[in-house]
Amino acid sequence: MKKFLLFLLAGTLLIQTQSCRKDGTSWDTGVILPLAHASLSIDDLLVDSLSTTNADGSVRIVYSTKFLGLDIDSLFEIPDTTVSNVYNFPFTITNAAPPFNVAPGTPNQTTFGAGDAQLVFGILSEGNMIVRLQNDIRRRIVVRYQIPGATLNSIPFDTSFIVPAAPDSLNGFRMTVNFDLSGYAIDFTGVNQDRVNTLTTTFIAEIDPTETVGTNIYPSDTVGAVNTISGIKPYYIRGYFGNESVQIGPEETGFTLFQRVISGSIGLDSLTMSLDIDNYIGMDARLTINNIWSRRTSTGQSVYLNTPIIGTPININRGVYSSTWGEVIPSSYNFTFDNSNSNAKALVENLPDKLGYDVTLVTNPLGNVSGNNDFLYAANTIDATLNVEMPLSLFADQLVIADTIVPDFSSFDNHDDILKGTLTLTAANSFPFDAFVDIYFMDASSNVIGSIVAAPNLITSGPVVLTNGYFVSQGFSNSVLTIPLSETQTQALFHSSKIVFVSRFDTNSNPAFAKIYGSNRLDLNLSADFDYRIGN
């Protein structure tokens, strides 16, 4: 349909270039031009599908859609964590001369909660660290802050600051420093590699050696750093991901195969549906599909899949590392539904625009069998793909399909001089179904500002015969539609922001099926007879 509309617009451009003008004279003239030719196949009716040809030349449609929205946060979450390295002397130090050590640099190990997960190593795609430094001593101090287990390009996090002196005995000096932790690899096992979910930091501070005189340090004087790590998103994570039951859904995802269908019904001769599950996580799991359904938003009608896999736990083995870093060999599973073991055909005959799922995932059903060596790359978790394959043998009753384009009239400087006219659409149809075509003009707010409808607007099907139990078309039928355009309709065309073609199909074969062949097509030839005002 888009090709047809684009040819229509191209033709109107031809009208503009063939106009002529004579000063002081005004008259109407008829300009008859062939505007467009288009040849439409079944690929123009269905969205995001792959059409292949069977041995007899009939068409088979293959469509795939991903669902099952499992992300890393569904398994565990690394919470925002605050680490405090704060020091006070227990007694007064008199005349502490520079460089006097005011913080010894003892490693501080802070454990964060991650549910039932026990994390030992991660590489971050996102993360932010805010370090708030405090100095109550009335001399400058040099601070060295380290995270020994965090490395970027194999270099440990190790940074130093000069923190100004406290202005007086009642007020300390405060400063804040931000760090981006993206790309850092972090060891969560602590100083002796015997812990999990642990951040290790070291804070070292001394009076700035360039200070010339000492100072008294009192028990109330604090030197330290309070570090808040937030927004942690790992690119890669390793550990034990726990034994938990994770609910996924109920959720819906888009199903775009029939996106252009507005209303009507179809019946399919047969259909095969398959569910492919790929587990890229280095973790065993038990997956139970509680429900899969299709829903058509316009009608509110939902059809639930009825097949033995529904409600039956599926044990899924862990993915394994490949020989190349960052690549995983998934464990894969396939389940097939057809007319013999399911109502999958009814699921698709619902003409859905939504696919729903409700899944329960049990992580590590056998416990920590990996010894804290579960792994996950955030880009690949557990993928589920629903594949639909159907021979295009069907009946269609009042099936209404719409397609929209956005026209561009920017090159028309004086299109208001185009008056009423007539569009003539000559159609040669070899599909085994009739088509009725209406055209609507819409403004930027999607309000209809005009329409053109032929009377009658029927494009007849090709010559249909019954062969081997199927209705098939054996050639072309020709139809001519004459569409008068008033001056109002002509101006609505040039003032529209969107043009919508609405086509209604009917095989007139219910309950028998019409078989669609790769050679079936609808050839359209459009010509126009416009009245065009020339002069003043």
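## Surface and overall make-up

The accessible surface of the protein chain comes to about 23800 Å². Carbon and sulfur atoms account for 51% of that surface. These values come from a predicted model.

The chain has 536 residues, and 49% of them are buried. Its secondary structure consists of four helices and 37 strands. For contacts between residues at least 6 apart in sequence, 85% connect residues at least 24 apart.

Strand E26 spans residues 374–377 and is covered on both faces. Asp 374 and Leu 376 lie on one side, Phe 375 and Tyr 377 on the other, and all four are buried. In a regular strand, side chains alternate between the two faces of the sheet.

E26 pairs with strand E15, which covers residues 223–240. The pairing is antiparallel and runs over four bridges. Within this part of the chain, Phe 375 of E26 has Arg 238 standing opposite.

## A nonpolar surface patch

Which residues make the nonpolar surface patch of about 350 Å²? Tyr 235, Tyr 321 and Trp 325 do.

Trp 325 sits in the loop that lies between strand E22 (320–321) and strand E23 (328–329). Is Trp 325 buried or exposed? Trp 325 counts as exposed because its relative accessible area is 54%, and the cut-off for exposed is over 50%.

Definitions and conventions:
Residues numbered from 1 in each chain as written. Predicted model: local features only at pLDDT ≥ 70, side-chain atom pairs only at ≥ 80, totals over all residues. Heavy atoms only, no water. Patch = residues over 30% accessible without salt bridge, like charges linked within 9 Å, V, L, I, M, F, W, Y side chains within 5 Å. Areas by Shrake-Rupley, 256 points an atom, 1.4 Å probe, with all protein chains shown as cover. Salt bridge = Lys/Arg side-chain N within 4 Å of Asp/Glu carboxyl O. Helix = DSSP H or I, 4+ residues; strand = E, 2+ residues; numbered from the N terminus. Buried < 20%, exposed > 50% of the residue type's maximum accessible area, 1.4 Å probe, protein only. Contact = heavy atoms within 4.5 Å. Pairing = 2+ DSSP bridges.
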